[in-house]
Structures are given as structure tokens and as C-alpha cells.
Amino acid sequence: MKRVLTVQDISCLGKCSITIALPVLSALGSEAVILPTAVLSTHTMFKNFTCKDLSDQIEPIVEHWKSEGVEFDAIYTGYLGTIGQIDQMKELFKAFRGNDTLIIVDPVMADNGKLYPAFDMDYVKKNAELCGEADIIVPNITEASFMTGMEYREEYDEAYVKELLSRLNELGAKISVLTGVSLEEGMTGVMGYDSSKDEYYVYQNKRIDATYHGTGDLFSSTCVGEIMKGRDWRDAMRISADYTAHTIEVTLKNPEKPWYGVDFEATMPELINMR
Ligand code: PXL
């Protein structure tokens with residue numbers, strides 16, 4: 001069984017980060033190991049959330065794992081709280097990067113043209129450095145435009161997306177995948193670039209006009225789980241885009257849908273058999 005370490009916050013209520021990564025990775029047949037960066041009462045789109053930073057726990061946990069000889073097939077980082085934690089991730093990569101360890105960085109920090117409340121441009125710069133150490137990065141267009149210094153656009157063409165990918169590639173990751181890329185009217189999806197082969201991959205599916213928290217985490221966790229199942233990164237992206245879009249559609253049909261997250265619990269049985 002593949003063993004995946006995921007490093008992100010625990011938002012106790014909110015269906016994002018670890019509360020999505022754990023069930024998705026388990027459902028896809030990987031052993032999920034967690035390293036929580038902080039405990040929040042809810043994700044940061046609620047008002048008055050509490051937050052306990054866990055930075056001081058990272059080193060002792062890592063040291064214990066090292067003493068146990070623990071190895072990982074993949075390390076997947078998502079929402080990190082502070083610049084200091086990004087430095088800690090660099091050390092963690094050094095400690096556990098084996099010849100076949102896949103490192104996937106989702107530089108969670110912004111959406112819809114804006115940074116999330118906790119972050120600033122110093123954090124963006126640091127996240128760009130972390131992306132340079134990854135095998136695969138999965139930013140959305142907002143995160144990519146912040147990290148590359150390119151203008152954020154709501155309306156764009158393929159040339160703009162290719163330029164973003166080319167500048168992301170300069171950060172140093174082997175494969176850069178942009179999410180939330182809409183290249184045709186009524187469609188959305190991903191566009192990726194594999195620098196080792198100089199190859200692009202585009203996948204578009206139906207655009208659903210709804211934004212939900214945690215959908216980026218659902219997409220990334222599914223990618224990691226699918227790659228661990230042995231899928232090529234392009235197939236993993238396609239399945240993850242389909243699964244995320246389907247889950248949003250199902251959520252919209254639920255009359256009791258919570259506003260703060262998607263009903264991935266309802267669609268998980270389908271995920272297991274997706275191909
Ligand atoms: O879904 C990304 C995410 C993860 N963790 C926390 C968040 C968010 C998005 O806002 O607030 C705490």
C-alpha cells in the first residue's frame with residue numbers, strides 16, 4: 001500500500017484541507033499520514049474562528065518519524081499557516097525525499113483574484129519557492145498570477161494560460177497544473193505542462209456556476225490518490241476535474257446543502273470506480 005503524508009490544517013468544521021484529504025486518500029487505497037499545521041474551529045470563511053498554530057509540533061513529530069525509519073511514497077502539502085511553516089516544509093522534504101517520493105504542492109493562499117485573509121506578498125514569495133521544490137504543483141489562476149507576477153485576468157485566452165504555465169515552470173517544478181482554467185464558453189477545467197517532455201495537457205468539462213470552499217482540496221487530494229493508484233498525471237487530472245465538478249453538481253441538488261463545503265460524502269462511492 002502506498003503511504004502518503006499530507007501536511008495541512010485541521011479545520012474542525014468546514015470540509016476542507018485534512019477533513020477532505022484523509023477520506024479521499026483512504027477511499028483511493030492509500031495510507032494517509034497527517035501532519036496538522038494548525039487547528040481551527042472552522043475554515044477562515046466563517047467569522048470569529050479560533051486558531052491554534054502547531055508549528056512547534058512539526059520538528060518533534062518529524063524527528064520521531066525519522067527515528068522510526070518512516071518513508072513516504074508521496075508528500076502532499078496544502079494550506080500552511082505561516083512563512084515559518086513553509087521553511088519547515090523545505091526541511092521536511094529534505095528529510096523524507098527518497099528516490100521515488102513524489103512531492104505535490106498545492107500553494108493554497110488565494111482565489112478569485114484575492115489572497116485569503118491571513119496572507120501577504122511575503123507569503124506568496126515563499127510559497128513560490130516551495131513550488132520550486134515540487135514534482136507537481138496545482139495552483140489556481142489567482143495563485144499562479146500572484147506567484148509569477150502576471151496580471152490576474154477574469155477573461156483570458158490560451159496564450160495567457162500558456163504564458164502563466166511557462167512562468168510557473170521557471171519556479172522549478174517538473175509538472176505545473178493550473179486549475180479553474182476556462183478555455184471555452186460554459187466549460188472549465190485544467191491545463192498542465194510537463195517540462196521534462198515539453199508537453200501540454202488540457203481537459204475541459206462543463207462549467208457549473210457555483211463556488212464552494214474545499215473544492216480545490218478535493219481536486220488535489222483526488223489527484224494525489226489517483227497518481228498513487230498508478231495513474232498517469234494527465235488521467236489523474238481528468239478524473240479529479242470530473243469528480244470535483246460532479247460533486248459540486250450533486251451538492252447543488254441537495255436542499256439542505258451546507259454553504260461551507262461540498263457533499264463529497266455522497267459521491268465518494270462513485271470516485272472509487274472512476275476511470
Ligand atoms: O480550502 C482551503 C482552505 C484550507 N484551510 C483553511 C482555509 C481554506 C480556505 O479558505 O481557510 C483554514
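How much space lies in the second largest pocket? I got about 150 Å³, as the space filled by probe spheres set on the grid points, joined across faces, edges and corners. A pocket here is an open set of points on a 1 Å grid over the protein atoms alone, where a 1.4 Å probe fits, with protein on both sides within 12 Å along at least five of seven lines; lining residues have an atom within 4 Å of a point.

Before going on, I noted that this is a predicted model, where local features need pLDDT of at least 70, side-chain atom pairs count only at pLDDT 80 or more, and totals for chains, interfaces and linings use all residues. Numbering runs from 1 along each chain as its sequence is written, and side-chain values use heavy atoms, with hydrogens and water left out.

Back to the pocket: 14 residues line it, and Leu 40, Cys 51, Tyr 79, Gly 81 and Ala 118 are the closest to its centre. Strand S2 (31–42) gives the largest share of that lining, three residues.

Next, the ligand. I found 14 residues around the ligand (a heavy atom within 4 Å). For polar contacts (N or O pairs within 3.5 Å), Asp 9 has a polar side-chain atom 2.8 Å from a ligand nitrogen. Ligand oxygen atoms lie 3.0 Å from a side-chain N or O of His 213 and 2.7 Å from a polar side-chain atom of Asp 217.

Last, Pro 60 sits in helix H2 (residues 55–67), a DSSP run of H or I, at least four residues.

Notes
Helix = DSSP H or I, 4+ residues; strand = E, 2+ residues; numbered from the N terminus. Polar contact = N/O pair within 3.5 Å; in protein donor to acceptor, adjacent residues only side chain to side chain.
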